[in-house]
Amino acid sequence: MDTRGCIRLLIALLVLMAAICAQWKSCKGDDDGEKNFKIIYKDPGQPIEARVEDLLSRMTVAEKIGQMTQIERAVASPDVIEKFAIGSILNGGGSAPAPHASASVWADMVDSFQDAAMSTRLGIPMIFGTDAVHGHNNVYGATIFPHNRGLGATRDPDLVKRIGAATALEVRATGIPYAFSPCLAVCRDPRWGRCYESYSEDTEVVRKMTDIILGLQGSPPEGHPNGYPYVAVGTTVVASAKHFVGDGGTTGGINENNTVASYYDLYRVHMLPYVDALAKGVSTIMASYSSWNGVKMHASHYLLTRILKDRMGFKGFIISDWEAIDRITSPPGANYSYSISASINAGIDMVMVPFKFQTYIDELTALVNSSVISMSRIDDAVRRILRVKFVTGLFEHPKTDRSLLGMVGNLGHRELAREAVRKSLVLLKNGKMPGKPLLPLDKNAPKILVAGSHADNLGYQCGGWTISWEGGSGATTVGTTILDAIKQAVSPSTEVVYEQNPDANFTKGKGFSYAIAVIGEPPYVESTGDNTNLTIPLGGIDVINNVCNNGSPCLVILISGRPLVVEPYLNRMDAFVAAWLPGSEGRGITDVIFGDYDFQGHLPRTWFKRVDQLPMNVGDKDYDPLFPFGFSMSMNLQSGHHHHQ
């Protein structure tokens, strides 16, 4: 071959190589943009199901098991995330990157975990979850909304939708895309320690309140498939309806116990809110610690797979509760391998481990290798997890939007919380004599007494699940106590005397125009809140006796997660208000008791006379309450009129 022929051949080879290179350069990583669009799962223009199947087909068993693993932030690190391809991280109640950590500190932590996840072989983003159950309640300075019991008293689906959107914004501002909320429990017994997390004893009220999902995740478009997850791109989060199912129906109200019911009653009372949640595009569902007719919910293939996934058509993922698979056995953790096989085969897709992840991964791997758990079950779980991650836009927007940092605890959200407090208050008594109401109180009274354990205690006012898991006492976060709100509401010339625990002689000869006693329950969570006597604690009864029997008319405000025994003391009170667990904005209470707004709340659950009547719910045969479900009173203020005595 002559020189010219060699040159022509060389040029042809170069052209061919260039064409091959152009065709395959995505494999060489020359151009990330082009590479991503050659690989289906990295192409946002592809249908979500195509992206899911493409990614699933590329994953090893170890990578799949990693996606099914949720670990606590305290044991998470970039090395752990990369080594085990961890799919999800959470912060447990009270678990924060630092005391009083700012939004940017939270975001830095989440983003550092995300960087590690994105640097794994397939670059699958992890999803970080948090218990944002009444606002972004683990974060110092976040807006703390009333707990669900108070929101149930508002009967206002639009209000909870706006609260969902505000909560989502504050959660996103810290880099977190996943909230373990809402709780759709139908609490049938106030002795249960989680009753305040339930909107109502009435299924229909709980169903209305599922509109919070539309605030958290955004509203699905017309024609969105029922049961398919939906998350609007932007300032929304993945929601988690919990705890499926019957958590509020356990015998005696004992937490994590057994709900004895026919399937018809379980469906009619406890499951209907989940029908609404699926219709509104809820992306994840958390299983309940409790049992149904003796079968642990986390091990119920019938309810998790046959009913929720197959019959109801849920296409998102089911997540376990904290260490809940351990509690399938008694004692918990007695046979962890069995707990894993029972829960995964029942239909749990992601396990909130949260600490001993290496044991969980090793045991799950062994169960897959020995075919105790099939690859098709693993693929179903991972398919659901990936689907939610794609729907959420995590592959395109894995990191914090730093422009949102200032959203945490912003004034607009605090005003929304204040509105929620106003609408949640239930007036149960106003005046000892007909036609002689005490409320609204006179802002211009010369001298007033404020007393009780909850008058000047922000932590008590917020309840459990606030900054720490169990909640706390005192200035645990940023907000306005009821005492501060009273001082702001009255005339500058009014003398406000505060005495937390006045004795029987304190009010005598002091010339108080009236007294406000703010009493109630200390914060509690879960099993620590189970209570068989439901009496007013923390010296509250003494405060009623010492403040309400001494000449000055008295208003009693009860801060509690549930009705308590008040019948023996009711005749001593001139006025009585149920304020539930109102959260950080105490001025919502003073807005109403001083007459700037009227009472609007309706009892979200029956107020019993004696605990030996429990459980007692509206519609029961022997229904003999102190105040019936739905009870409400107002001060009959003229609309828009600011009333002063």
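Contact is taken here to mean heavy atoms within 4.5 Å. In the predicted model, Y263, L266, M271 and L278 of helix 11 are in contact with Y302, L303, I307, L308 and R311 of helix 12. The axes of helix 11 and helix 12, the latter comprising residues 301-311, come within 12 Å and cross at roughly 50°, and helix 11 is therefore oblique to helix 12. The crossing of these two helices is right-handed.

A bend of about 60° is found in helix 11 at M271, and a proline, P273, follows within four residues. M271, the site of this bend, is also among the residues of helix 11 that meet helix 12. After helix 11 comes G281, a residue with a positive phi, near 85°.

Elsewhere in the chain, L637 lies in the segment after helix 20, the helix formed by residues 587-593. L637 has a relative accessible area of 14% and is therefore classed as buried, the cut-off for that class being under 20%. Between L637 and F599 the C-alpha to C-alpha distance is 9.2 Å, although the two residues are 38 residues apart in sequence.

Technical notes
Residues are numbered from 1 along each chain as its sequence is written. This is a predicted model: local features need pLDDT of at least 70, side-chain atom pairs count only at pLDDT 80 or more; totals for chains, interfaces and linings use all residues. Side-chain values use heavy atoms; hydrogens and water are left out. Buried means under 20% relative accessible area, exposed over 50%, partly exposed in between (1.4 Å probe, protein chains only). The bend at a residue is the angle between axes fitted to the seven residues ending there and the seven starting there. Axes are lines fitted to C-alpha atoms, for helices over the stretch in contact, and angles run from 0 to 180 degrees between N-to-C directions. Angles under 35 degrees count as roughly parallel, over 145 as roughly antiparallel, 65 to 115 as roughly perpendicular and the rest as oblique. A crossing is left-handed if the near helix is turned anticlockwise from the far one by less than a right angle, and right-handed if clockwise.
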